[in-house]
Amino acid sequence: RNVLEWRLAPTSPHRHPALSRADQPVVIICQAGYASSLAAASLRELGLTSATDLVGGFEAWSQAGLPVI
């Protein structure tokens, strides 16, 4: 969360090279889904129109029996 905005913002000179389009899907995941909701909202405000988060976070993913490595 400390560097999320400047690494993903479409206008940032420090943007991660894998993010090439503002409409590219970005899914943010945290432990329980609270911080990721705020982070995804911040990214949408910066212009990343497809930024979203995993509802319930990693805990929900794991409890659903989905793959974890």
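This dialogue reads a few features of a predicted model.

Colleague: Where is Ser36 found?

Modeller: Ser36 belongs to helix α2, which covers residues 34–45.

Colleague: Is Ser36 buried or exposed, and why?

Modeller: Buried means under 20% relative accessible area. Ser36 has 1% relative accessibility, so Ser36 counts as buried.

Colleague: Which side chain does the side chain of Ser36 join in a polar contact?

Modeller: A polar contact is a pair of N or O atoms within 3.5 Å. Here the side chains of Ser36 and Asp53 are joined by one of 3.2 Å. Asp53 is also among the contacts of Ser36 beyond four places in sequence; the others are Ile28, Ile29, Cys30 and Leu54.

Colleague: Which residues make up the largest nonpolar core?

Modeller: The largest nonpolar core has nine residues: Leu4, Leu8, Leu19, Val26, Ile28, Ala39, Leu43, Leu48 and Ala51. At least two residues of this core come from each of α1 (4–8), β1 (26–28) and α2.

Colleague: What is Leu43 in contact with, leaving aside its neighbours within four places in sequence?

Modeller: Leu43 is in contact with Leu4, Glu5 and Leu8, with Val26 and Ile28, and with Leu48 and Ala51.

Colleague: How many residues apart in sequence are Arg1 and Ala35, and what is their C-alpha to C-alpha distance in space?

Modeller: Arg1 lies in the segment before α1. Arg1 and Ala35 are 34 residues apart in sequence, and their C-alpha atoms are 8.2 Å apart in space.

Colleague: Which residues does Arg1 touch, not counting those up to four places away in sequence?

Modeller: Arg1 touches Leu38, Ala39 and Ser42. Of these, Ala39 is listed in the largest nonpolar core.

Notes. Residues numbered from 1 in each chain as written. Predicted model: local features only at pLDDT ≥ 70, side-chain atom pairs only at ≥ 80, totals over all residues. Heavy atoms only, no water. Helix = DSSP H or I, 4+ residues; strand = E, 2+ residues; numbered from the N terminus. Buried < 20%, exposed > 50% of the residue type's maximum accessible area, 1.4 Å probe, protein only. Polar contact = N/O pair within 3.5 Å; in protein donor to acceptor, adjacent residues only side chain to side chain. Contact = heavy atoms within 4.5 Å. Core = buried A, V, L, I, M, F, W, Y, C linked by side-chain atoms within 4.5 Å.
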